[in-house]
Amino acid sequence: MSRGAKVLYCVYLTLLMGFTGFVTLDTFVIARVETTLEAPQTTQTPSVASAEPTITENSYQDAHISIQIDTRRLDDTTVYIADVTLSSPEYLKTALAQNAYGKNVTETTSAIAARQSAILAINGDYYGSRERGYVLRNGTLYRSTAAADQEDLVIFSDGSFAVIDEGSISADSLLQQGAMQVLSFGPALVADGEITVSQKDEVGKAMVSNPRTAIGVVAPLHYLFVVSDGRTSQSAGLSLYELAQLMQSLGTQTAYNLDGGGSSALYFNGTVVNNPTTNGRRIQERSVSDIVYIGY
C-alpha cells in the first residue's frame, strides 16, 4: 500500500470511528429535550384527602388511596408486591424525567417521584431509549410513531387496562377512545386471567433471570405494582414466565411487563423499597425516562 493510500485509509478509519462514536452517544447518552411540561403533568384535577392518612412502614390509607406492600421470597428471589385500591382512576398517573419529553432525558425513579409528591411509584417503559413506540402520558400524545410488533399497555380514563398491537390501531385512535396512558415495553404477561408468555419468551438479549417490574389490574380500580430484585447472590431474579405466573397467582386479569434490569425500582413514601442494581456489584438506582405512580 502506498503512503498516500495509507493516509487515506487512516483518515477513513478516523472518520468512521468518529461517526460510530457520535451515533452511540446520540443513541444512549446525549439528552435532547423536545417538550418541557407545565406542572402538574395531568389533564385532570384530582381530589385531595380530607383527613390525615394513616401511614406505616409498608402501608398507606386515606379516603381515596389504599396501599399495602408485601415482601416475599419466591424461590431464590425477593419480590415486592404493592396492592393498591383507589376511589378514582385520577390517582393513577405517570410522570417524565426532568418534567420534559425527549431522548435520553433521565432521572432516577425516586427523584421523579419525589418531585410529583408520589406516594408510590415504579419505573415506566424508558421510552427515551427508543425512536419508535407510542408515548401517551396523562392524556397528552408525545409520540405517535408505531414500532413493528410492539405490544402496548393502554390505561383508559376509567382506570381500565387493555393490551394492543401498535400495528392494529393508531395512537390518535387510542386518544379518541379515552386512553390516558400508553406504555410501550412489554410483553403482556396476563390477559383475561391467562398467562400470555411462554417459558422461552424473553425481552431482547436480557438474561433469563432479571430484576423485573410489572403492573396489573385485579378488578376495577384495584391494581398491583410488582418489582423483583435480581442479579445478586441474595436474589437471582425472575424470568418473564415466572413473573407471569406470579401475576396470575395474585389474581390479575391483565398484567404487563415494564422496563426491568437496572431500571427496576419501587418507591414508597419517600424511600426506594427494593435493591436496584445493573450489574449486581453495586446497589444503585438507574436513571430512567419515566415513572408510573400513585398520588394526588
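The second largest pocket in this predicted model holds about 190 Å³ of space, and β4 gives the most to its lining, with 3 residues. Local features here need pLDDT of at least 70 and side-chain atom pairs pLDDT 80 or more, while totals for chains, interfaces and linings use all residues. Residues are numbered from 1 along each chain as its sequence is written, and side-chain values use heavy atoms, with hydrogens and water left out.

**The pocket**
- A pocket is an open set of points on a 1 Å grid over the protein atoms alone, with protein on both sides within 12 Å along at least five of seven lines; lining residues have an atom within 4 Å of a point.
- Among the lining residues are Thr 56, Glu 57, Asn 58, Ile 69, Asp 70 and Phe 268.
- By class, the lining has 3 nonpolar, 5 polar and 2 charged residues (Asp, Glu, Lys and Arg count as charged; Ala, Val, Leu, Ile, Met, Phe, Trp, Tyr, Cys and Pro as nonpolar; the others, Gly among them, as polar).

**The nine-stranded sheet**
- In this open, antiparallel sheet the order is β2-β3-β4-β5-β18-β17-β19-β15-β16 (strands are DSSP E runs of at least two residues, and helices are H or I runs of at least four; two strands pair if DSSP finds at least two bridges between them).
- Its edges are β2 (54-56) and β16 (194-195).
- Helix α4 (residues 240-249) packs on the sheet, touching strands including β4 and β15 (contact means heavy atoms within 4.5 Å).

**The five-stranded sheet**
- Here the order is β6-β23-β9-β20-β21, again with antiparallel pairing.
- Thr 94 has Val 292 in β23 as its bridge partner, and 5 bridges join β6 to β23.

Note on methods:
Axes are lines fitted to C-alpha atoms, for helices over the stretch in contact, and angles run from 0 to 180 degrees between N-to-C directions. On a 1 Å grid over the protein atoms alone, a cavity is a set of points where a 1.4 Å probe fits but cannot get out, and a pocket is an open set with protein on both sides within 12 Å along at least five of seven lines; lining residues have an atom within 4 Å of a point. Grid points are joined across faces, edges and corners, and a volume is the space filled by probe spheres set on the points.
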